[in-house]
Amino acid sequence: QALYFCVSFREQLLEYYANNKSASDGEENMLTCLADLFSQISNQKKKTGVIAPKRFIQRLKKQNELFRSYMHQDAHEFLNFLLNELVDILEKECKANKETPQNSSSNKSSNGPINGQPNGSHKEPETTWVHKCFQGILTNQTKCLRCETVTDRDETFLDLSLDIEQNSSITSCLKNFSSTETLNAEDKFFCDKCCSLQEAQKRMKIKKQPNILVIHLKRFKYIEQLGRYKKLTYRVVFPLELKLMNTVDNSDLEYSLFAVLVHVGSGPNHGHYISVVKSHNHWLFFDDETVEMTDESMVQTFFGSAQEFSGNTDNGYILFYESVSKTS
């Protein structure tokens, strides 16, 4: 439901479905099954009702043995698997299209240098519309404390997984995510300039902000003494409007919350997922086939609990924010 109400993702998926509907001889995959499901929802004439995602679930079980059993599965693992699977399919299709003879003859320019890129430098993977929706870039900055040279290493992300603390907020979790860590003793950094292991300072910053920011709160933690995972029902406040401060260029892009995936249950091995989603300035509550209009204030009930053993186990687990373009 959260992905369906992610407007840019839904529009691109429905466009893909419309363009590829005629290619019925193509084999079924996660992308075609999800597109088919979204199309059924989008073209539904009835005002109310339920669509069972049977074909999609069948395909998912076929594709990934993790989801074949009746055991409870983690929504964040599922989201990661799904988005990466969609990216793989789109990249393969794009590659196949480039290799077909009619494309190579009509696109002669593709052999020449484009944007100053020389021949043979086509190692950059295709940027798919999934990337355009969700992908951001993190920069890992490491500063040698001897010569003060800063080494930057970029890595892409489709979501951010944040460690959480009791009575905290998304802003403080993001601050901790980007806090400076000192590398010393056994963790020294090999500095290319000094040609030796040196003490260094390391920090993560957001270099490119995604259009849709997906934040995963690490509510399941492995407890050494217990020898198992435990659910953290900590109170973590997530605002309706969010500014990202830990960026490379210090630009404070604003985001607006449009969906919250909630884990209901006291432990990691059992429970239930529900979601609250914003559509046309109204909040909707989804629980399996139940859909109800709800109030914005309901979002606050999913922050978590300030007390360790409270009865409230309905906790925000994955948050979806969309970037808000500022009007000058």
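This is a predicted model: local features need pLDDT of at least 70, side-chain atom pairs count only at pLDDT 80 or more; totals for chains, interfaces and linings use all residues.
1. Residues are numbered from 1 along each chain as its sequence is written, and side-chain values use heavy atoms, with hydrogens and water left out.

2. The structure holds 14 aromatic pairs, counted where ring centres of Phe, Tyr or Trp (its six-membered ring) lie within 6.5 Å, with planes under 30 degrees apart taken as stacked, over 60 as edge-to-face and the rest as tilted. Phe 67 and Phe 81 form a tilted pair, 6.0 Å centre to centre with 45° between the planes. Because Phe 67 lies in the loop between helix H3 (54-63) and helix H4 (75-99), and Phe 81 in helix H4, the pair ties together parts that are 14 residues apart in sequence; helices here are DSSP runs (H or I) of at least four residues, and strands (E) of at least two, numbered from the N terminus.

3. One aromatic cluster is formed by Tyr 4, Phe 5, Phe 9, Phe 38, Trp 129, Phe 134 and Phe 286.

4. In helix H7 (residues 170-177), the residues Ile 170, Cys 173 and Leu 174 are buried. They cover an arc of only 100° around the axis, which puts them on the same side of H7, the arc being that of the directions from the helix axis to the C-beta atoms.

Terms used. Buried means under 20% relative accessible area, exposed over 50%, partly exposed in between (1.4 Å probe, protein chains only).
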